[in-house]
Amino acid sequence: NYDLPWNPNRIEQRFGRIHRIGQHEVCRLWNLVAENTREGAVFVRLLEKIEEQRKAYGGKVFDVLGTAFSETPLRTLLIEAIRYGELPETRANMERVIDASVAQGIDELLAERALVTDTLQHAELAELRALMDEARARRLQPHYIEGAFRAAFARLGGKIRRREQGRFEITHVPAQLRSAGRGPIASRYERVTFDIEHVLDDAGARAELLAPGHPLHDAVTDATITRWHRALDRGTVLVSPAVQEPRLLVGVIEEIVDATDASVARRFGYAYIDEHGNVEAAGPAPYLDCVAAPLTSTVIAARGLSWLAEAEERAASWIIANQLPAFLSGIKLRREAELRRVRDQVGRRLDQESNRLVLEAMVAQEQEQAGKKPRESQSSLMYKATELDGRRAARLALLDRQMEMQARPPRLVTAALVLPLAAVQAEIPEDAPIHAVETKDVERRGVERVLAAERALGRVPVEQAFNNPGFDVLSARNGEDPIRIEVKARITGADDFFVTHNEVLTALNAAPRYRLALVRVDPRGPEHDEVRYLENPFARFDAGDFDATGHRGKWDTTWARGGEPF
């Protein structure tokens with residue numbers, strides 16, 4: 001009788017003994033309903049739906065009735081079935097409510113009690129989508145793994161030669177690499193590749209994929225670091241057309257740890273600092289767009305600049321004040337919410353299990369007193385309950401410590417003095433893989449022409465900072481992934497243009513959401529400037545010499561491949 005008030009004595013008389021645990025009262029009730037009755041049809045449909053969900057969720061369906069029927073109580077469905085069960089529309093509505101309620105109830109239950117959730121709010125989803133898009137644009141391409149491996153492998157005495165397109169043959173692996181590897185390494189490899197797309201060819205011949213994690217790749221990396229790590233400690237002098245005055249480039253590891261001293265998050269980044277103490281982020285791999293400085297009197301003198309002595313300390317102080325707080329805040333925001341969720345669910349589940357064990361211990365005690373032999377003794381069950389309480393306390397204490405997070409001081413692992421190209425341009429060979437930056441007026445007109453073209457296409461373009469490596473404009477429409485645009489502006493009649501490693505890397509990663517914009521700057525004025533777009537300009541790019549900072553392109557040939565902005 002659903003209208004009966006809660007009366008433990010009366011329920012004990014009708015349904016059996018109630019077991020009391022402290023202030024809690026626990027009982028098991030069974031509802032027996034004839035299958036061929038109207039209310040029986042409600043339960044039959046309900047149990048069928050729960051069974052479907054049980055299979056879908058791997059058997060992890062429990063406590064669903066109270067969550068599922070919050071809007072339409074199960075009692076209401078039973079009353080309607082008894083009164084109007086013979087009507088087809090009533091039966092159809094009953095099945096619709098049961099199907100929707102059980103499915104929604106289980107989803108809500110799993111969302112509430114899952115230790116790890118994969119559901120995100122719209123704001124979180126938008127932020128995550130932007131972060132993933134940025135990560136795609138910055139990820140390491142097979143071309144650069146190939147270039148780094150081939151250069152390092154040759155320095156260590158290995159022999160590798162090109163075989164088919166995208167594939168190589170390794171004819172000799174030095175003994176020092178074979179003995180120092182983390183796994184089995186052969187003395188030679190018939191076919192290797194750095195790109196997963198070339199693992200199998202048309203004939204089905206398989207090539208071994210050389211990438212981080214492969215024993216030979218990791219052995220080469222370890223040997224290179226062991227042999228030349230002092231060069232990273234000492235630093236070096238580089239030349240870049242992207243700087244206008246000497247700057248110190250520092251490579252820094254930032255790390256977040258919790259109270260257990262476990263690493264929670266770590267990232268590697270670069271920062272520039274000048275003689276005035278001004279510091280700014282330098283992007284993911286600024287060294288790719290630099291070349292080694294020639295050993296001239298100007299370079300030798302630059303090594304002794306007085307401000308370099310305090311530059312590393314100033315850079316570390318700037319990172320502590322400007323980058324670490326935001327890094328720590330972002331990590332704590334996501335991790336603390338997840339840990340609180342885990343803490344609540346762990347406490348609840350272990351409490352439930354402890355109460356179950358105590359209840360079964362009381363039942364076992366009654367059976368023992370009655371001369372019966374229980375399945376498990378009362379003392380064994382109580383021991384398990386006590387042990388579970390200890391585990392609960394230890395687990396919750398660990399979670400509390402994991403929620404205490406702090407940033408470690410940034411660790412500077414390398415540094416390089418970067419000089420402007422103008423300081424040593426006379427000593428740089430004309431065919432060196434580096435280029436002079438166009439005049440500010442030419443660059444400005446090129447960017448303005450692309451911004452106007454993007455607005456005409458209905459997108460919202462955002463010009464990037466001058467030192468942003470890889471692209472100049474980020475443009476998007478609502479609900480679409482952004483497009484990255486690199487702008488190359490040259491005066492009419494120019495023979496070539498130059499693309500850096502970082503620009504090629506961004507183009508390969510961002511495709512097809514990438515455009516190379518060529519702007520022909522007309523001496524008659526901005527109204528005569530022309531622009532053409534290329535979608536995948538580096539599809540057949542070859543990493544070439546790893547010491548190169550980029551590659552020259554023929555202007556007229558590339559211009560002919562371009563088309564109207566799209």
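Predicted model: local features only at pLDDT ≥ 70, side-chain atom pairs only at ≥ 80, totals over all residues.

Residues are numbered from 1 along each chain as its sequence is written, and side-chain values use heavy atoms, with hydrogens and water left out.

**Entry 1**

I took helices (H or I, at least four residues) and strands (E, at least two) as DSSP runs, numbered from the N terminus. I counted two strands as paired if DSSP finds at least two bridges between them.

I found that strand 3 (residues 159-162) and strand 4 (residues 167-172) run antiparallel and are joined by four bridges. Lys159 stands opposite His172 in strand 4. The two strands form a hairpin with four residues between them, and Gly166 in the turn has a positive phi of about 75°.

I then saw that strand 4 also pairs with strand 5 (residues 189-193), in the antiparallel sense, over three bridges. Here Phe168 has Val192 in strand 5 as its bridge partner.

I looked up an open sheet with the order 14-15-16-18-19 and mixed pairing. Strand 14 (460-463) and strand 19 (530-534) are at the edges with a single partner strand each, so one side of each lacks a neighbour in the sheet.

Strand 18 (residues 514-521) pairs with strand 19 in the antiparallel sense over five bridges, and Leu518 stands opposite Arg532 in strand 19.
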